[in-house]
Amino acid sequence: MAAEIINEISEFLQKGRAKNVKKLVQQALDEGVDAKEILEEGLLSGMMTIGGKFKRNEVFVPEVLVAARAMNAGVTILEPKLIEIGNEPIGKAIVGTVKGDLHDIGKNLVVMMLKGAGFEIIDLGTDVPAETFVDKAEEIGADVIGMSALLTTTMPNMKEILDVLEERGLREKYIVMVGGAPVNQAFADQIGADYYTEDAASAAEVAKEAVLKRKAS
């Protein structure tokens, strides 16, 4: 019975049916299904499926957005229960678009995919100065710093964030990820970032893998 309702949650989430997701999450809790199981097997697993489809161009940005909305609706119901049982996120990530750049669609998708992978996210928004990335990462004890740029003119500002980390002796502390339309692997290597991914779903997979690997070592 639990497996059945969890599958339904995942399916409705993938269709972006927030009301159904909300209702089923509540029903699952009422029936005594473990909150962590609902989160991982229902919501996060559904979001990762959508991520995979997005990566393969089987669904597009609008479908990802409605699925993320449905996931958030389910998480809202689960949150009090998860806090009660002390559910730990997989890691913490700071995400933002670098200084001088106001584009946020790609960044927003990364935020949603990271949430879907089980991360606690601080979304810094757009036009974010280098110091803000580093200060906030220090403040919340982040594992990952993710930065995005859509303009070639703002790409050098990614390097600035790495410079600030170096200056403060913090470079080794964080997994630094970069992305955005003009960014590529060669640029990531050149500025010394840890990872570059070309889409939001890959970013979430890579971040999860990197954090788990670091925590295991």
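Why are lysine 136 and glutamate 139 separated by about one helical turn? They are three residues apart in helix 6, which covers residues 130–140, and that spacing makes about one turn. The model is predicted. A search of the whole structure finds 10 salt bridges. Three of them are described below, among them the pair formed by lysine 136 and glutamate 139.

**Between helices**

- Lysine 55 pairs with glutamate 205 in a salt bridge, with 3.0 Å between the closest N and O atoms.
- Lysine 55 belongs to helix 3 (residues 35–55) and glutamate 205 to helix 9 (residues 200–216), so this pair ties together parts that are 150 residues apart in sequence.
- Lysine 55 is partly exposed, at a relative accessible area of 36%.
- Glutamate 205 is also partly exposed, with a value of 36%.

**Within helix 4**

- Lysine 81 and glutamate 84 form a salt bridge through their side chains, at 3.3 Å from N to O.
- Both residues lie in helix 4 (residues 61–84), three residues apart, or about one turn of the helix.
- Lysine 81 is partly exposed, with a relative accessible area of 35%.
- Glutamate 84 counts as exposed, at 59% relative accessibility.

**Within helix 6**

- The salt bridge between lysine 136 and glutamate 139 has its closest N and O atoms 3.1 Å apart.
- Lysine 136 is partly exposed, its relative accessible area being 25%.
- Glutamate 139 reaches 57% relative accessibility and counts as exposed, because the exposed class starts over 50%.

Note on methods. Residues are numbered from 1 along each chain as its sequence is written. This is a predicted model: local features need pLDDT of at least 70, side-chain atom pairs count only at pLDDT 80 or more; totals for chains, interfaces and linings use all residues. Side-chain values use heavy atoms; hydrogens and water are left out. A salt bridge is a side-chain nitrogen of Lys or Arg within 4 Å of a carboxyl oxygen of Asp or Glu. Helices (H or I, at least four residues) and strands (E, at least two) are DSSP runs, numbered from the N terminus. Buried means under 20% relative accessible area, exposed over 50%, partly exposed in between (1.4 Å probe, protein chains only).
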